[in-house]
Amino acid sequence: MPSEPLRLRDIRHTSTFRLASLLGLVFALGIVILLAVIYTMTVSELTARSDLILREVGARLVSAPAARLPERVRAEIASNVQGLDFIALIGPDGQRLTGNIRVPARVRLDKPVDLPARPGVRGPIRLLALRAAGGHIILIGRDISQIAYLRSRFLQIFLWSGLAAAIGGLLAGVALSLRPLRRVRDLQQVSRAIAAGALDARMPIAGRGDELDQFAGTVNVMVEEVGRVIAQVKGVTDAIAHDLRTPLAHVRTSLLRTRGRPDTPPAFAALAAEAVDDLDAVLDRFAALLRISELEASARRSGFRPTDLARLAERAAELYEPLAEERGQTIIVQAQTAATIEADEPLLFEALSNVLDNAIKFSGVGDRIDVIVGERDGDPGIEVRDHGPGIAAEERDAVLRRFHRGANAGATPGSGLGLSVVAAIAHLHRFGLELENAGPGLRVRIRCPR
Amino acid sequence: MARILVIEDDPSTAEEIVTELKVHGHHPVHVADGAAALERACHESFDTITLDRMLPGLDGLALVARLRQRHIDVPVLMISALSDVDERIEGLRGGGDDYLTKPFATGEMIARIEVLLRRGRAPTDTTVLRAGGIEMDLVRRQVAVDGEPVRLLHMEFRLLEFLLRNMGEVVSRRMIFEQVWGYYFDPGANLINVHIARLRRKLDRPGRMSAISTIKGEGYRLDAV
């Protein structure tokens, strides 16, 4: 049986994937929080250091008398060899008296602020405004482009490392989920085969002793036991059927010989003929029982071929048409869709024959029987609809069991094995067998998913 | 009287087959072992062979394969408890000419042996089959009764052809279903009965016995009437 391809949707629902993804998410969150703390502390430390420098410079200028302020400012600017500091002296009238920086807006006193770079304005800078002697304002700025750059780098690292951790977590989730998922798939495949009747199939055990191995081992023990019990029951049934058939066949031969002897009185010959008829009915039932047993035990698919359902329906209708005609009934075949499915054609024909035989038996004189090849919910299938008494909803499962005859069967001849044969054939094919009320009558549908 | 090699290891089944063959006027030769049976089949002349599928010494399938390798084409009726369709197909592909599952009605076995014997004797190039007033032209696919054309449906034609080819022999309903329709399950007695009845209605002529007789408990027989 080819294994089905793994889809992302399947992986997404596995516990391993969910656990690994959750761990990945927690890990990514941890990284983000760690980086955020480092970022915040670094930025505040660098800012504090800038502010300290600004205040030191400011303290040197603020202490100077008003008349000497312009000179001191120029000297301070000249001494700034790194080119990182900017100073301006604003007069009491708000006019810039000297300096190497222009600030377009008013700045609050004694509160350092960041000024972003703008066209015509240097930046980004950290700026501190201090009141000096004679109503002057001294603006002291410091280039913080390195700090800004560091901040943006930090943010990028934030983003990328968080993203990488999240993707890494997801990929780890997928990678960790693949193997268990493949094993689950293998287990599913075997369980389907077991459900389809392959009781000799066993769940694969990887030998790791993990929970899947433990589960597979438990199921194997269970299947072993079920197989043993079924084989025992089947063996007993088959042995009874087989062992009784052989002597009954001998009795039948003896009766036929007795009937054919010239010295057998006619009354005895007639009795022997009746006994042969009764024996034939018993032998037919044993044969049907063994047939069901054989079908149920079989998982063979060697006989599966592309089968044209419409052709199959026509052939079955052709076979049963004379029987229907005898009762004045008509069999109408309708091929609503062309459907070719993989099936064991002779077995499917046998199933359809049984359904048709029932439809004829249970329909009234002159009734119409429809054989429809069509699709329902996307699945092709064959449907036989009669106008008989139907089967009550609560009995529809029971009639598929051996020897169960529906309450409406009345005096209609039958063994109660026909639908069991149909069910066994449908099961062997993994087809559905649906019995529905046709109001009036019964609709039996063999659903054949492709 | 035909000389028939009965290869069967089960004493009671062998006795049943031998008795029934004698009752029907044949000369059965029983061998219980596969290797010994092969030896006799290679050095003696038989009209047909009944062969148990599972034998000690040499398996039935292997035995028939060796016979065919040595160009011994005696018709072989394989008799087996293995009733699965696959087993049947394997038996027929392996060289068997017909397949009968155990337990079987002896009438059915005799009917199948008679068919095999007839097949061995019948000319293979026959294009016209006749029985009394019935004439079937296999090439033109036409049937006439007393010179009067009769229209038969496709399966009716095949059914009549099968009965004509086995004229005078009893054929069981199972044999009919296998040979005419090609299926190996039991469709029930009534179904074949109505097909036979429909064919009779087309072939029978007033004041004359029906060509097809029902042999109760065994099957049907077409005779020249």
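User: In strand 5 of chain A, which residue is the bridge partner of A:L128?

Analyst: This is a predicted model. Strand 4 (residues 125-131) and strand 5 (residues 137-143) of chain A run antiparallel and are joined by seven bridges. Within strand 5 of chain A, the partner of A:L128 is A:I140.

User: What is the strand order of the open sheet of five strands in chain A?

Analyst: The pairing in this sheet is antiparallel. On average, neighbouring strands are turned by 25° against each other, direction ignored. The order is 2-1-5-4-3.

User: Which strands of this sheet does helix 2 of chain A touch?

Analyst: Helix 2 of chain A covers residues 15-62 and packs on the sheet. Its direction makes about 150° with that of strand 5 of chain A. The strands touched by helix 2 are strand 1 (85-90), strand 4 and strand 5 of chain A.

User: What angle does the direction of helix 3 of chain A make with that of strand 1 of chain A?

Analyst: Helix 3 (residues 69-79) of chain A also packs on the sheet. It touches strand 1 and strand 2 of chain A. With the direction of strand 1, the angle is about 170°.

User: UniProt lists a "transmembrane region" at residues 20-41 and 157-178 of chain A. How far apart are the end C-alpha atoms over residues 157-178 of chain A?

Analyst: The annotation comes from an unreviewed UniProt entry. In the model, residues 20-41 of chain A are 100% helix, with end C-alpha atoms 32 Å apart. Residues 157-178 of chain A are 100% helix and 0% strand. Their end C-alpha atoms are 31 Å apart.

User: At what angle do helix 7 and helix 8 of chain A pack?

Analyst: Helix 7 spans residues 309-326 of chain A, and helix 8 spans residues 345-362. Helix 7 passes helix 8 in a right-handed crossing. The axes are 10 Å apart, and the angle is about 35°.

User: How many nonpolar residues are in the contact of helix 7 with helix 8 of chain A?

Analyst: Helix 7 of chain A contributes residues including A:L312, A:A316, A:L319 and A:L323. Helix 8 of chain A contributes, among them, A:L348, A:F349, A:L352 and A:I360. One residue of the contact is polar and three are charged; the nonpolar residues number twelve.

User: In which sense do strand 7 and strand 9 of chain A pair, parallel or antiparallel?

Analyst: Strand 7 covers residues 330-335 of chain A, and strand 9 covers residues 368-376. A:I331 has A:I369 of strand 9 as its bridge partner. The two strands pair over six bridges, and the sense is parallel.

User: Which residue takes a positive phi in the hairpin of strand 9 and strand 10 of chain A?

Analyst: Strand 9 of chain A runs antiparallel to strand 10 (residues 379-385) of chain A, with seven bridges between them. One bridge pairs A:I372 with A:E383 of strand 10. Two residues lie between the strands of this hairpin. The positive phi, near 50°, belongs to A:D377.

User: Which helix supplies the largest share of the side of chain B that touches chain A?

Analyst: In all, 25 residues of chain B are in contact with 25 residues of chain A. Helix 4 (85-93), helix 5 (106-121) and helix 8 (189-203) of chain B each supply at least two residues. By class, this side of chain B has twelve nonpolar, seven polar and six charged residues. The largest share, five residues, comes from helix 8 of chain B.

Key
Residues are numbered from 1 along each chain as its sequence is written. Chains are lettered from A and ligands numbered from 1 in the order in which they are written. This is a predicted model: local features need pLDDT of at least 70, side-chain atom pairs count only at pLDDT 80 or more; totals for chains, interfaces and linings use all residues. Axes are lines fitted to C-alpha atoms, for helices over the stretch in contact, and angles run from 0 to 180 degrees between N-to-C directions. Helices (H or I, at least four residues) and strands (E, at least two) are DSSP runs, numbered from the N terminus. A crossing is left-handed if the near helix is turned anticlockwise from the far one by less than a right angle, and right-handed if clockwise. Two residues are in contact if their C-beta atoms, placed from the backbone, lie within 7 Å. Ala, Val, Leu, Ile, Met, Phe, Trp, Tyr, Cys and Pro count as nonpolar, Asp, Glu, Lys and Arg as charged, and the others, Gly among them, as polar. Two strands pair if DSSP finds at least two bridges between them. UniProt positions are given in the numbering used here, feature names are shortened, and annotations may be inferred rather than shown by experiment.
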